[in-house]
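I opened this structure to learn how its chain is laid out. These are my notes, in the order in which I looked things up.

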Amino acid sequence: MPEYILLHKNDTSSNGQIRIIDEDRLCYLVESTSKGAYGLRTISKSLLKEYIDYFEKHPNASANDARNDLSGLTKIDKFEYGYTSTLTLMAKMALGKEAIINTSENSRLSYTNKKPHQIIFYGAPGTGKSYTINETTKSESVIRTTFHPDSDYSTFVGAYKPTTIQVTMRDVSGHKIIEGGKEVKEDRIVYEFVNQSFLQAYIQAWKYYAETTVDAEPQKQYLIIEEINRGNCAQIFGDLFQLLDRNSTGFSDYPIYTDNDMRKQLFKAFEGLSISQSENINNLYNGRNVIKQVLKGEILLLPNNLYIWATMNTSDQSLFPVDSAFKRRWEWQYMPIGKGYDDNGNELNWKICIGANEYDWWSFIEKINLQIGSTTNSEDKKLGFFFCKAENNCISAETFVGKVIFYLWNDVFKDYGFDGTIFKDTDGGTLSFDKFYRADRNGKAIVQNDKIDLFLNNLGVDFINNDIEEDSERNDYEEIDNNGNSRLKILFPDGTQIVGKTRFDAYINTIKKIGTTFIIPIIQDLKYTRLGCPLISSKKYKEIDNNTQGYSYIELNGLYFIKGMNGKTMCNVLNTISDKLNLNLKVEY
């Protein structure tokens, strides 16, 4: 990982042309002497960082190259690039290409880690925010908390709480009570200061510093805040808000003083510790002995090995809006909605399993998010791929209704009405949430698969063919019985039996007997497709006409039937037609 040296007050270039005479959080005040001319320059630290990154990538570039390539790319005033010679020399000092005099190597810190110290991962529910954090911090020390409407400073930082301790009982004379040779003890409630997640992470981060040698980087400590906007951040952070301003090394710019209770707690936690890099850190604060104050518990100061990362569901933004001042102190990482992948980078093919029917989960995500976007004119309520969990790549009907349908009906569409076509029931009414359940004789809620099928079909979710056989007619003439007929047989209630020399013959002859006029109204209920085209349709599709996989059309009374699918699919289509029309056909294969 790239490394550069942090420049500080009194650092001077080896050629004597520049000397840093002062600095603050944003700028350096630089004394410049070149060709007999003397001047003071105010150099932006963010601009210097641009030059450092530039010369790290282009080590042989000139000062004018840097000015021409960088000027105007950011909001930094173009006038500041006029100091390009000074900036170039300072960048080379930071990169170790120009010697620094009057400053010992032991009085500076090297900064090699470029992970953001404070970042919020935000996006729709199910986009992998927590997963991303877990993967990134897998081998690190992590303390985790979750914000909620009742969270406050005491539950985040620490407070006095009643705890139970055991004490030895004594008689009226003050002597210990002994029974059976053992002291008799009783539980007694006392109040003690209890560290919560922030102080736990803060103390551990400084302890890691105490374990680190002067020339090494300490172990990282992560504080993870789930659902940060579900709590009132101003109330929860309180004066800790000031600590979130970090300098270029990752330490807090503005330490804050502690109250007596916290001071005692921190002093006890840090008792006996020493920081080998104390001189380096103190130099960041113009020689102020901040490390002594930290270890005595007098101040709070975030070290650069303490990372505060958080997640935010955009669907919860209305709970506690985060003010702009708080936002500015965080990096923000948007988590877009996309297909899911496993740990090996393989695409996940999740499906919604409703009885014998299976639907493509990603197709559902795409189509429902279009509806959500057009209805709410917002991205906030959309669903991510990992909105709910699948078992063996299958999302059960119970999970789908209990989590997905409930969310859609109660959190997304409730305030907009259910007038769209996706909410139409078979009787022309509205598909209300209660219709997805019925109660059995014991009052237990039973999911209604037909209503889920109806909703998914209304939405146009892709149906998954679950056929085992390969589509081919090449063996049709081999799959015959002793009478020379196909093994696909259909028996009508009136005793009529349909057979044929091929499976397709038996299939199409059954359609003829039923009558195409009865089949037309239920075409949309026949979910099976080939090459994305329905098996029975009122028009031809070019994907079938132009395919090279052996599919073709047979026309019958204005309907087009795809020829070339396997026997199992034909059975499924005929059984579906039988169910929809109450024909009670017996299909054998």
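**Terms and ground rules.** I count two strands as paired if DSSP finds at least two bridges between them. Helices (H or I, at least four residues) and strands (E, at least two) are DSSP runs, numbered from the N terminus. The model is predicted: local features need pLDDT of at least 70, side-chain atom pairs count only at pLDDT 80 or more, and totals for chains, interfaces and linings use all residues. Residues are numbered from 1 along each chain as its sequence is written, and side-chain values use heavy atoms, with hydrogens and water left out.

I started with an open sheet of three strands, in the order β25-β24-β31 and with antiparallel pairing. Its edge strands are β25 (497-498) and β31, each of which pairs on one side only. Two bridges hold the antiparallel pair of β24 (residues 489-491) and β25. Which residue of β25 does L491 stand opposite? I found L491 across from Q497.

D494 lies in the loop between β24 and β25. Its relative accessibility is 55%, and D494 counts as exposed. My cut-offs are under 20% relative accessible area for buried, over 50% for exposed, and partly exposed in between (1.4 Å probe, protein chains only). I then checked D494 against R19, 475 residues apart from it along the chain: their C-alpha atoms are separated by 104 Å.

I listed 18 helices and 31 strands in the chain. Is the chain compact or spread out? The radius of gyration is 36 Å, well over the 25 Å that the globule rule gives for 589 residues, so the chain is more spread out than a compact globule. This radius is taken over C-alpha atoms, and the globule rule is 2.2 Å times the number of residues to the power 0.38. The C-alpha trace spans about 105 × 90 × 45 Å along its principal axes.

I noted that 45% of the 589 residues count as buried. Contact here means heavy atoms within 4.5 Å. Of the contacts between residues at least 6 apart in sequence, 67% join residues at least 24 apart.

I moved on to β29 (552-556) and β30 (559-563). These strands pair in the antiparallel sense over five bridges. On its other pairing, β30 is joined by two bridges to β28 (residues 536-537), again antiparallel. Y560 in β30 turned up in both pairs: E555 stands opposite Y560, and S537 also stands opposite Y560.

The hairpin of β29 and β30 has two residues between the strands, and N557 there takes a positive phi near 50°. N557 is not a glycine. The residue is exposed, with a relative accessible area of 59%.

N582 has a positive phi of about 55° and is not a glycine either. I placed N582 in the loop between α18 (567-581) and β31 (586-588). With 63% relative accessibility, N582 counts as exposed.

Which residues of α14 (residues 449-459) are buried? I wrote down K451, I452, D453, L454, F455, L456 and L459. These buried residues pack against β19 (351-354), β20 (357-360), α12 (361-376), α13 (397-412) and β23 (445-447). After α14 comes G460, whose phi is positive, near 80°.

Where is D261 placed? I found D261 in helix α8 (residues 260-270). With 32% relative accessibility, D261 counts as partly exposed. Leaving out residues up to four places away in sequence, D261 touches Y160 and F193. Last, I checked D261 against Y553, 292 residues apart from it along the chain, and their C-alpha atoms are separated by 83 Å.
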